[in-house]
Structures are given as C-alpha cells and as structure tokens.
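Keep the viewer open as you read.

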Amino acid sequence: MDESHFFREATLRICGSLEIEKAMQQCLRFLARYLPATHMAFHIYDRELGIVETVAMATIDNARSMALRTPLSSQGMQQVEAQRAMRTKLVARARDDAVAGPVARQLGVENFSVLILDLALEGSFVGTVSVFSEAEIHFNPHHVKLISMLNEPFAIALANSLRYRELQALQDMLADDNRYLQDELRSMTGEAVIGAEFGLRPVMELVRQVAPLASPVLLLGETGVGKEVLANAIHNLSPRADGPFIRVNCGAIAESLMDSELFGHEKGAFTGAVSQKRGRFERANGGTIFLDEIGELPPEMQVRLLRVLQEKEIERVGGVETIRVDIRVIAATHRDLEQMLAAGSFREDLYFRLRVFPIAIPPLRHRREDLPVLVQHFIQKKGMEMKLGVIPPLAPGAMDRLMQYAWPGNARELENAVERELIVSRGGPLTFRDIHPGPTNGNGTTAVAGVREAYDNGPLQLDHVMARHIQKVLRMCNGQVEGEKGAAKILAIHPSTLRKRMKKMGIAFGRERRKP
C-alpha cells in the first residue's frame, strides 16, 4: 500500500471538522479499509484525580460526543505513569487491562481487542485514541505501524476539539456575565427597593436576616408588588452578590421546553439539539436562581426541582453525567400554595422545602405611605428612559387622586400609569385624570379598596364564593332549578351539573329545601 496516500487521506478526514465525533467517524470508515477497526474513541486523562474522560466515540454507523468519566484504580494510575514512555500499546482483550478495562466496560466493548495510542504534540501529552476490533479478530504489527503514523494528526484534532469545547464554555460564561452586568446596570439606574424605610421596613428586616445565609426563600404577594426587586435585593446583600442572578418565569416556559431550559441538554438529545446547552440551574452556579410563579410548575418538574434542592445535582436532557451545582433558590408566587396542596396540584414535600423562610409582601393599598416616593421614583425613571429634558411636576390634587385609588395591579400598575401620564401630558403638569378612585365608603376609602380589605382580612375560597352566588340566584328563582325561569338557565349551566355542584356544596334543593 502507498503509506503517503494512507497518511494524507486519514489526516484529511480526522482534521476535517471541529465536531470531533463526525471527524472520527469519517476517519474510522477510511481506516476500516486497512485494519479491522469497528470502534474508535478519544480520551483525556486527569492526572490529579486519576480519571479518564472519554470525550467522543464513533462506530461505522454512528458517532457522538460525550463526557464519560471513568475513575481508575490505584493499579490503573500506576500503570499510566509507568507506560508514559510507550506511545503505542496493543491489548488482546480490553477487560484484562487495568486502564483500558474500566473504560471499555463503560463503552460496552470490554471483550474487544484494542490498539491504544498516546498522543503528543510538541512534546506534551494531549490525550489518547483507542481503536477497537471484534473480540475474535486481533491487530497485528502492521496495524500498529499504520496507527502510529497518525499520532500527530490525531493529536491536532483532539487538541482543536478541546479548545473548541473550552471556547463554547467560555461563550456560555460570557453570556451569564453579560446578563449579570445588565442586572448591575439596572440596579444602578434605580432598581432599588423603594419604601424600604417606610411601608416595606418589616419586609426589609426579614430580607437582611436571611440574605447572608444559603437558605431557600419563598416570596409571597400579589402580582406587581415587587417580588423580583426583593429577590434581587436578597442576592445583592448575600455573599453570592458577585455571582450570577438568573431569573426564571415558570409560567412563561412551554412545558415541552421546561426540562431543556432549566437543566440544559446534550447535543443530539432531541430533534433540533444541534449543540450542547447549559440550563438555567447550571448557569446560576455560584449565584442565585429566582423561580418566579413557582405555582405554575407541572408535577413532574416539581419532582426534579425537589431533587435539585435536596441533592444540589442536575442532569442535562440526554446526558448521563451528574453535575453538581452550588445555587441559592428564591421562589415567588401570587397563588395560594396551601390551597394548591389541598387540591393536590402542588407537592407537599416541595412546599415545605421552599417555605424555609417565607416573606409576605404587602400590597400597595396596605402601604400607602410609600406612594409619594414611588410616584417620584417612577417619574424620574421613566423620564430618563424617555429622554425628557425637563421632568414635569405633579399637578395640584394629583397625589390625592393617586392616594385614593386601590391599585389592584400594585407597583407595576403605578409604574405603567406614570409612563402613560408622561406621554399624554406633553410636558405639562401630571394630573392623572384617567385614574378614577371610585365611590367612597363612609370611612373615606374607595369601594374597591373596601372590597379588597374584606378579602385580605378573610380570604374567600372559590367554592365559598360560588355557593353564595348560587344561593343568591336560587332566591331570585324561588328555588326553581330547571326551566326558562330556573337558576340553571340564568347560570348558563346544565341542570344536572348544577344539582351536582349544589349537593357537593351542601346547598339544599327540591324536597330537602322544603323541609322545615
């Protein structure tokens, strides 16, 4: 055979792609013409830990990248050190070798014959390539010579692949750093806890107590009260402040994508997974992950989150490697998790694991003393965003109007109202004429605020509200359920369905209702 032709063609194939698994498969198909090769794998060796990591493997039919770590026995580590001067090694049956055996066992080729070539580049050890043949077919000295000719091309291909992998990891870290810097810029431009010295003072005392610890925190409160701002404050006051702060809106991620988004995936794990991807938990390593709307997590994802909290370990989709993560979890929800527990839609063990340190954030209508400073804060913030040369003042009576409104959307609604007013005022005083406080009660509070106060002082369960409404309609219909003048017609519900609900809620009807 023409050895120059063999070397050139093998080199073109092994160095033909940065995706090492593809290059390996092309090269293996070529090598199979000249030696009985069925499998090929690249490995690197961690001398300090005594671990062999298989980074890629190829057969004639398929190939894949991997990060399969195999710890060596003390005998295996001694053998590695003893054979450093020997570049090529031929093993008749892989399982009989202290180094090749444990690796081959994980790859499912422990009974194969293996030809091992240590790769060096400019005098430095790069890694190892192993070529396997079927169990009954053995390599000969001619095959050893052919593989030895490819030491340098194999070493270059492996070194380039490792550098490429490092570059991808650095790119992911850069994305995390960029997100973190954006968070820092946002905090410098006014993402502060407004009201920390007034209505939110008790909350901030709790924040300062828990911030230095690693304990999970559960933030409870209505939509728009500023749960994310407080989560950011906990992170910034903690020893993890220099690490990433990763936000996850559990209600905004499609259920089919949630595994991949939170835990990441390996290349080829599913259709469209063209490269390895780190998930949100892995990106938050060394920092804080904020799980907003935790009540929206589906049951199977609740199980996986519980494992992360308990074991501090994750596995990427399609991966076999367990990845340790050092994270602090802050969760938030506006939903009643205890009611979800009773309904069976939220795991009890996860609830108590998250509820180590709950912080209830009061709505804006319960801390009206914060309104003036919040209004001024949002005027300044939105004025800067809109590049207004002069920040307009509040018109007389505008603050009174704002103080009388119940703000069902809390601080978020207030921020949007300020932005809208800045747009329509055209530089004039801010009147907030489109804010309608509504009719007042005898005590001077608005009707909306009064209803909300009633709900806050004694939350009404949905079944309770439904029962009261059904009873009211029944009284209007003189107890009649069916017919054109019956309650079912008014409620737009089938009569039999209405009867089932009434029975479940303990509402008497028919003969039961007429009993004295």
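Start with leucine 219, which sits opposite isoleucine 359 of strand S13. Bear in mind that this is a predicted model. The two residues belong to a pairing between S7 (residues 217-220) and S13, which run in the parallel sense and share three bridges.

The loop between S9 and helix H11 (299-311) holds glutamate 293. What is the nearest side chain of opposite charge to glutamate 293? That would be lysine 227, 5.2 Å away. A salt bridge needs a side-chain nitrogen within 4 Å of a carboxyl oxygen, and glutamate 293 has none, although it is buried. Leaving aside residues up to four places away in sequence, glutamate 293 touches Asn249, Cys250, Gly251, Ala332, Thr333 and His334.

Carry on into H11 and look at its packing against helix H9 (residues 255-263). Their axes are 11 Å apart, at an angle of about 10 degrees, so H9 and H11 are roughly parallel to each other. On the H9 side the contact comes from Glu255, Met258, Asp259, Leu262 and Phe263, while H11 brings Glu300, Met301, Arg304 and Val308. The spacing of such positions has a simple background: an α-helix has 3.6 residues a turn, so residues three or four places apart point the same way.

For a contrasting pair, jump to H1 (residues 3-14) and H2 (residues 20-31). Here the axes come within 7 Å and cross at roughly 155 degrees, so H1 and H2 are roughly antiparallel to each other. Phe6, Glu9, Ala10, Arg13 and Ile14 of H1 meet Ala23, Met24, Gln26, Cys27, Phe30 and Leu31 of H2.

The last stop is helix H4 (residues 100-107), which is mostly covered, with six of its eight residues buried. Those six are Ala100, Gly101, Pro102, Val103, Ala104 and Leu107. What covers them includes strands S1 (39-46), S2 (51-59), S3 (63-71), S5 (113-121) and S6 (124-133).

Terms used
Residues numbered from 1 in each chain as written. Predicted model: local features only at pLDDT ≥ 70, side-chain atom pairs only at ≥ 80, totals over all residues. Heavy atoms only, no water. Helix = DSSP H or I, 4+ residues; strand = E, 2+ residues; numbered from the N terminus. Buried < 20%, exposed > 50% of the residue type's maximum accessible area, 1.4 Å probe, protein only. Lys, Arg positive; Asp, Glu negative; His and termini not counted. Contact = heavy atoms within 4.5 Å. Pairing = 2+ DSSP bridges. Axes fitted to C-alpha atoms, helices over the stretch in contact; angles between N-to-C directions. Parallel < 35°, antiparallel > 145°, perpendicular 65-115°, else oblique.
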